[in-house]
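Open the model in your viewer and keep the sequence panel beside it. The tour below goes stop by stop, with something to select at each one.

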Amino acid sequence: MSQPLYGLRVEFVKQYGHDMAIYAEEGLKRDMLSEFQLRMLAANRIPSLLELKVEAKDGNCTLYYNIAGKRMLSQLLRMEPISMKQYYTLLLQIAEVLADSAMHMLQPGRFVLKEDFMFCAGGLDQLYLTYLPKEQLEGKNSVSADLLHLASRWIHRVSELQGGGFQELMRYLQEETFNVPELKQLLHRQLDRLAGAAAEAAASAAGRSYEAYGPGDEQAGAATQKSQLSDTGIFPGSIRLGERQSYSDSARERPAPANKLHEAGSSRPLDGPLHFGSGLTSPYHPAEPKPSVDGGEAEKGDAPRFRRLPVALGMILAISLLWKLYADQPEEELLYVCAGGSLVIVAAGFGLLRMKAGGGQSKSASPPAQMYAPPIPERSAEAAAFAADGTRGTVWPQAGVYPERSAPLRASPLIAEAPSYLESIGLAGSTPNLRHSTGAGDENVVTAGQRETDQQTLTMEARLDGRTTMLRRPDATVVLSQTFSPKAMTGKYLELRGGGKTDKIWLDKKSFVIGRQGAEAAYVLDEMGVSRLHAEIVTESEIVTVKDLGSSNGTWVNGELLIPYQGRRLNDGDTIRIVTTEFIFKN
């Protein structure tokens, strides 16, 4: 099966290896080609262009492009998302090839700027284009229109958009003053901006690390301190700076060979956070409050300096990136957005500082009475007997008095759900008993407040009736979705036999891809030797074709190996083999 291209036909054949053949059905005459450009292509091995061979037979020419060892760009883009850097790099490679074509007297308008006719050797950083040395190309768009189409398609493959460079690129590709050298400059600027943003992020991370570890002028002292900490059995890599930690007893009791910490000037055991700086005169940071004598936290104070700086740096970086967007696209609406966003960032930063500053309250202070949750006592023999009886509720072995609070216990109001729940699953009448153990015997305890709570629970249940179904009876009828259509279960499918059973794989997509993994694979074949995107079955009206997507182990139809990217029409009963798995096509 051939595909059209500017009034020509394209097939993939095994002529000089693995080739893409371009010809005309009525015959491609020699005078329809540019003789000068053919000589230039034959005399010069131009980088990033597919190697071309021309074969003439009976006055008709066929162009053979060598694609051995290369993958079609459209298939690589389907395998996984790309980054913004890869996006701009792909477009820059095309722009560089177009700009360099003038050195070899080639015309930019003769390049086939379609992703099915671009190939990669290895990764996306080695792109090869197809050049057609034909005088007239039917239906060929301008270079800017082709690039605009590519840029619009590829942006959907980008995993995360960054900056406003894409809008700037789209605007330029639509300008009448478009030219390739300016396009190269624009793409270089976008790549430089991405590199600058990455450098800023790395510098911000390095600044946080610098602030945590202290000045870097005393690297020798810091290395000595790390060595001393290793001698004591406490390793810096396991210590989170700026936080109090309770080290294990084994680490505390491990003796130091020469007690180097005390030699450095420390007069206290190492029971607080460590900070690496110019010396170890004190195991505590000067800006951090020390523990009180009774073991509690220090009194509430301002946020430590090493906590304020990362927040301030984050605010500055966020505001800078926000206004950078306005600098790239100076519009009135974006000005208001950036101004409002800056206020939100400043408010969030001050709120975070206040929250961190308020985090130093005493942990020993008693929480409010309404927030106190008594500990769950161990189950007694009476509680075990109560649970074995099949009843439901909250059971305590005895009316214990808990620290700072003493209140009578009552059963959970969730028991009010039982009658309606049992009735919904067909077990009406099996109402569980509600009992509460007070230590003096099992009694039914129902107070006025409890009845009021149960009534509120029943009212809420009535409001939620019909909205949520927790369980479904085994004989319940399955309700089909409104989008379900019997047409999806008729027509063309693949029959897979194995294990004594037959499975039907419905071809419910125009492009049905079989592969090992990936979001583009409509059917995942988990077998050794299967490529990520192995084969594709295309349905157009009543015609169904299958083609290999450049897989490593190939695709077979009726025992014949398919040429990669060359479609073959399927008939009813044809057998498709991928590695060792066989599918039978049914129409």
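This is a predicted model: local features need pLDDT of at least 70, side-chain atom pairs count only at pLDDT 80 or more; totals for chains, interfaces and linings use all residues.

Residues are numbered from 1 along each chain as its sequence is written, and side-chain values use heavy atoms, with hydrogens and water left out.

**Stop 1: around Gly-69**

Gly-69 sits in the loop between strand E5 (60-66) and strand E6 (71-72). Strands (E, at least two residues) and helices (H or I, at least four) are DSSP runs, numbered from the N terminus. Gly-69 counts as exposed because its relative accessibility is 74%; exposed means over 50% relative accessible area, buried under 20%, and partly exposed in between, with a 1.4 Å probe and protein chains only.

**Stop 2: helices H3 and H5**

Select residues 84-100 (H3) and 165-173 (H5); their axes come within 12 Å and cross at roughly 25°. Axes are lines fitted to C-alpha atoms, for helices over the stretch in contact, and angles run from 0 to 180 degrees between N-to-C directions. H3 and H5 are therefore roughly parallel to each other, a term for angles under 35 degrees. Show side chains for the contact: Tyr-87, Tyr-88 and Leu-91 come from H3, and Gly-165, Phe-166, Leu-169 and Met-170 from H5. These residues divide into six nonpolar, one polar and no charged; Ala, Val, Leu, Ile, Met, Phe, Trp, Tyr, Cys and Pro count as nonpolar, Asp, Glu, Lys and Arg as charged, and the others, Gly among them, as polar.

Stay on H5, where seven of the nine residues are buried. Among them are Glu-168, Tyr-172 and Leu-173.

**Stop 3: two serines with positive phi**

Select Ser-48, in the loop between helix H1 (35-43) and strand E4 (52-57). Its phi is near 65°, a positive value in a residue other than glycine. Ser-48 counts as partly exposed, at 25% relative accessibility.

Then select Ser-541, in the loop between strand E17 (535-540) and strand E18 (543-548). Phi of Ser-541 is near 60°, again positive in a residue other than glycine. At 65% relative accessibility, Ser-541 counts as exposed.

Key
Angles under 35 degrees count as roughly parallel, over 145 as roughly antiparallel, 65 to 115 as roughly perpendicular and the rest as oblique. Contact means heavy atoms within 4.5 Å.
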